[in-house]
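I opened my notebook to look up a few places in this structure. Come along and check each entry against the picture.

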Amino acid sequence: MTHEDLLDLRRPLQMGTAFAPAVCPDQLGDAGFLHDHRLRYAYLAGAMANGIGSTDIVVAMARGGMLGFFGAAGLALDRVEQAIDRVQTAVPQLPYGFNLIHSPHEPKLEAALVELYLRRGVHLVEASAFLDLTLPVIRYRTAGIHLANGRIVTPNRIIGKVSRVEVATRFFSPPPERYLTELMRQGHLTSEQVELARRIPVAQDLTAEADSGGHTDNRPFITLLPTLLALRDRLQQQYRYETPLRVGAAGGIATPASVAAAFQMGAAYVLTGSINQACRESGSSDAVREMLAAAEQADVIMAPAADMFEMGVNVQVLKRGTMFALRARKLYELYRTYPSLEAIPTAERSQLEKTLFRATFDEIWEQTQAFWKSRDPAQLERAAQEPKHRMSLVFRWYLGLSSRWANAGDPTRKVDYQVWCGPAMGAFNEWTRGSYLEDWRNRRVVTVARNLLYGACVLTRQAILRLQGVEVDARVGPLDESRLATVFG
Ligand SMILES: Cc1cc2nc3c(=O)[nH]c(=O)nc-3n(C[C@H](O)[C@H](O)[C@H](O)COP(=O)(O)O)c2cc1C
């Protein structure tokens, strides 16, 4: 048996008593998941904020028989609605999803986003960053719930993204009573609908997110996934839902080996992020794509997050080629040390104004005020009372803009680019080294996805043969698009 035989996925292999069946990409993952979401392949592109998870990604994934989520976080509602228009026009019949990100500081925004999705018929969301459930999430999930032929039908689905058991438990449980009561009081649900809602999980599907780009708890994939699979089984046994609960895997997925491992461990689907930002269709800039293509395994670092700066929450970002992490950490250290901007020693202040802000604190405060006046004036009222909050808003000017400079590819701010990225990127670069995918110009989300799925099938066949004492070389580099087309049809 040769390497070439192994690569021909559709042909079963026989050597003496050893046997390997055909293993094709559409067999990977959970068949019920594929059916319910009308997908051909159990491969998802996770949302990426500020439209980095672009409509181009969502449309390309849909056309490729996969699923992409639009990165609505950080965007104004009218921008999100434009994205809905674009996706619904481009792929009216195909599956797609939008991000519903928890905004603890802006609850009105979360509620408005849900109303927008309901109004515009967005029937699938990726719900992320939740620590606890909220009324808008339950409103979305239960809207329009009804019975058809004796089965419960929910027009809206949630794929939750979690890294903690407590949060996963809430998503895999029926909606909390207090929210159902409130929705009935507000006239959104009838008592019959409440009755039905008690029999469904808030999310049928949960993505177990291990160490990833952006917000992350840095959990190891190898321990998180089995933990959530066990939780899935426990809660399915407890609630006996009509449709069984499912768990997918994310965080570090970037090579055929990691895809094969995730499916082997029992993931219903895989979800990628960092490697999609590095693709042509992402809403990032060519300058960032070039930096990402040079990243190695250890070129990522945790740095303070703009949205939860005061709470000390971190995000994982690219370290190589940018000073963002270092500078953002410095700002957090100053925030912890001093009660106000005025208390920062003069030398320190001048240094910051010269290198990082490139303007005086007063000038930055002017811009900050203009921003919050339209977005959330309560922030300014608080800043007037609390000098430390004013300092936080000024520092967050830098944390907020640094990701926008990166997205726009602003050449004057390259050293300040904030690029969310996980160790997946280095693994992907390593795997593609020496192939046509080493060049970022050739990276497209579906090409990348197909290669990972194809490679995972080859490795799965190799593993089956190895168990029977037959060793076959399974090294598989990226295939070009025409060869992929013959595998994927
Ligand atoms: C640039 C970037 C932005 C992201 N923004 C979001 C976001 O707004 N909402 C969200 O749910 N996940 C976000 N994520 C997480 C991804 O959707 C995905 O879960 C994660 O990247 C998977 O791990 P990986 O980076 O190791 O592939 C982001 C990831 C990256 C790399």
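This is a predicted model: local features need pLDDT of at least 70, side-chain atom pairs count only at pLDDT 80 or more; totals for chains, interfaces and linings use all residues.

Residues are numbered from 1 along each chain as its sequence is written.

Entry one, strand 10. I found strand 10 at residues 205-209; helices (H or I, at least four residues) and strands (E, at least two) are DSSP runs, numbered from the N terminus. I asked how many of its residues are buried. The result was 5 of 5, where buried means 20 or more other C-beta atoms within 10 Å of a residue's own, with C-beta atoms placed from the backbone. In a regular strand, side chains alternate between the two faces of the sheet. I noted Asp205, Thr207 and Glu209 on one side and Leu206 and Ala208 on the other, all buried.

Entry two, partners. I looked up pairing, which takes at least two DSSP bridges between two strands. Strand 9 (residues 157-162) pairs with strand 10 in the parallel sense over 4 bridges, and Ile159 has Asp205 as its bridge partner. Strand 12 (residues 246-250) also runs parallel to strand 10, joined by 5 bridges. There, Ala208 is bridged to Ala249.

I located Val270 in strand 13 (residues 270-272). Why is Val270 counted as buried? Because it has 26 C-beta neighbours inside 10 Å. Leaving aside neighbours within four places in sequence, I listed its contacts (C-beta atoms, placed from the backbone, within 7 Å), and among them are Ala42, Tyr43, Gly248 and Ala249.

Terms used. A residue is buried if 20 or more other C-beta atoms lie within 10 Å of its own, exposed if 12 or fewer, and partly exposed in between; C-beta atoms are placed from the backbone. Two residues are in contact if their C-beta atoms, placed from the backbone, lie within 7 Å.
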